[in-house]
Amino acid sequence: MNITSKLPSVGTTIFTVMSKLAADTGAINLSQGFPDFDCDPALVDAVARHMREGRNQYAPMQGVPALRQAIAAKYQSLHGAAYDPDTEVTVTSGGTEGIFDAVAAVVHPGDEVIVFEPCYDSYVPAVEVSGGKAVVISLRYPDYAVPWDEVRAAITPRTRMIMLNSPLNPAAVILDADDIAALVRLVDGTPITIMSDEVYEHIIFDGARHESMARHDVLRARSFIVGSFGKTYHVTGWKVGYVVAPAALTTEFRKLHQFVTFSTNTPIQYALAEFLTEKRGYPELSAFYQRKRDLFLELLAGSKWKPLKSRGTYFQLLDYSAITDEKDMDFALRLTKEHGVASIPTSAFLYNQSAPKVLRFCFAKKDETLKTAAERLVTL
Ligand SMILES: Cc1ncc(COP(=O)(O)O)c(C=O)c1O
């Protein structure tokens, strides 16, 4: 039986393709963004303890109170932002669910949503499945700065939302204080909402500050801020995240969350609540990943790979123009099959712009993995 696709241009994601190719060929997988090392064993013990103690039935729809309170306390201490755990914090089944529900809560058929490319692959489908139109604005290679004049020109009476991601996957750049000022000037006094994907909030380098939407009144008042425990606690497979947003936005958000997943894994929420309350893991995460970034770059020094600046996330873009003229997809496939290192071509994150000659490598890997991968890469 044939049905009319709501997402005709969507196929298997590049992450699935490259991870499968890496598994089939035995290549080192620096493609999909997940650690190849274990999380803190105490976190696993805590989950097991909560399971044994019988916390195995549905959690409250909005999330376990202890976890919502810990999330609100974190925003207060890091950003001086007061979120009410009862009415403004929702635990979701990963950041992906949070993004989808935020878009679906706001976007009506015919509405426009401003999206910056390169962008995470779920953004545009989330807009389109709600009948919205993604207005894609290109961040320009190689610094990926936001062209705020273009954003201003793209705003129409139908603009319902701006989707942001800082630190940015795949380009590893961050919004700075000037970007925030430009954004405030743009949205102040308008009905435009913001979906701010901050899943890499705790992975930010060289002493820079994470400019959360929560820090700025005009932005906080209109933002759904999306977080992910998968990134922060090295447990991407657990798929637990959260969304903080003002009460009126959260009310609509929860109507979606209620019927998309209803609630999120119970024992994991209890364990995460303990870790977050004790401020475990996240304060040292930037230093942990900055060391891995620096190790990876040191190992590649003197090779034909030219690194772009990685300011946050656990990704590093490498310019391969001194190695080959191939398109990024062709080269990424050949690099996996012939040289045993899987990466992600940035064309997978682009809609309008042609892809530059760079590949994205994930350095959330054991030092040995990075060393073996670099030994292979430097031979090119
Ligand atoms: C930019 C960005 N947003 C959202 C997500 C999804 O987060 P989660 O795994 O918690 O669904 C990812 C995961 O790779 C990501 O890179």
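I began with a single side chain: a polar atom of the side chain of Gln269 lies 2.7 Å from the backbone oxygen of Thr264. The model I am reading is a predicted one.

**Entry 1, Gln269.** I looked up where Gln269 sits, and found it in helix H11, residues 266–277. Is Gln269 buried or exposed? Gln269 has a relative accessible area of 0%, so I noted it as buried. I then listed its contacts, leaving aside neighbours within four places in sequence: Ala59, Gly63, Val64, Leu67, Val91 and Thr264.

I traced the strand order next. In what order do the 7 strands of this open sheet stand? The order is S2-S8-S7-S6-S5-S3-S4, with mixed pairing. Strand S2 (89–92) and strand S4 (133–138) are the edge strands; each has a single partner strand, so one side of each lacks a neighbour in the sheet. From one strand to the next, the twist averages 20 degrees.

I checked some of the pairings one by one. S2 and strand S8 (residues 241–244) run antiparallel and are joined by 4 bridges. Strand S3 (residues 112–117) pairs with S5 in the parallel sense, over 4 bridges. Here Val113 is opposite Met161 in S5. S5 also pairs with S6 in the parallel sense, over 5 bridges. For Leu164, the bridge partner in S6 is Ser196. In general, strands of a sheet pair through backbone hydrogen bonds, in either sense.

I looked at how covered S5 is, and 6 of its 7 residues are buried. S5 also takes part in a right-handed β-α-β unit, together with helix H7 (residues 177–187) and S6.

Which strands does helix H4 (residues 95–106) touch? H4 packs on the sheet and touches S2, strand S5 (159–165), strand S6 (193–197), strand S7 (223–228) and S8. The direction of H4 makes about 165 degrees with that of S7. Helix H10 (residues 247–260) lies across S2, S7 and S8, and runs at about 20 degrees to S2.

I turned to the residues around the ligand. There are 13 of them, and Thr96, Asp197, Ser228, Lys231 and Lys239 come nearest. For three of these I looked up a polar distance. The side chain of Thr96 has an N or O atom 2.6 Å from an oxygen atom of the ligand. For Ser228, a polar side-chain atom is 2.7 Å from a ligand oxygen atom. For Lys239, an N or O atom in the side chain is 2.6 Å from an oxygen atom of the ligand.

I went back to S5 and followed the chain onward. Pro167 is in the loop between S5 and H7. With a relative accessible area of 0%, Pro167 is buried. What does Pro167 touch, residues up to four places away in sequence not counted? Its contacts are Val173, Ile174, Tyr200, Glu201, Ile203, Ile204, His210, Gly312 and Thr313. I also looked up Phe205, which is 38 residues from Pro167 in sequence and 10.0 Å away in space, C-alpha to C-alpha.

I then traced an open sheet of 4 strands, in the order S9-S10-S13-S12, with antiparallel pairing. Strand S9 (306–307) and strand S12 (344–345) stand at its edges; each has a single partner strand, so one side of each is without a neighbour in the sheet. Strand S10 (residues 315–319) and strand S13 (residues 358–362) run antiparallel and are joined by 5 bridges. In this pair, Gln316 has Phe361 in S13 as its bridge partner. Helix H13 (residues 328–339) lies across S12 and S13, running at about 45 degrees to S13.

Note on methods: Residues are numbered from 1 along each chain as its sequence is written. This is a predicted model: local features need pLDDT of at least 70, side-chain atom pairs count only at pLDDT 80 or more; totals for chains, interfaces and linings use all residues. Side-chain values use heavy atoms; hydrogens and water are left out. Two strands pair if DSSP finds at least two bridges between them. Helices (H or I, at least four residues) and strands (E, at least two) are DSSP runs, numbered from the N terminus. Axes are lines fitted to C-alpha atoms, for helices over the stretch in contact, and angles run from 0 to 180 degrees between N-to-C directions. Contact means heavy atoms within 4.5 Å. Buried means under 20% relative accessible area, exposed over 50%, partly exposed in between (1.4 Å probe, protein chains only). A crossover is right-handed if, with the strands pointing away from the viewer, the path from the first strand over the helix to the second runs clockwise. A residue is near a molecule or strand if one of its heavy atoms lies within 4 Å of it. A polar contact is a pair of N or O atoms within 3.5 Å; within protein, one must be able to donate a hydrogen and the other to accept it, and residues adjacent in sequence count only if both atoms are side-chain atoms.
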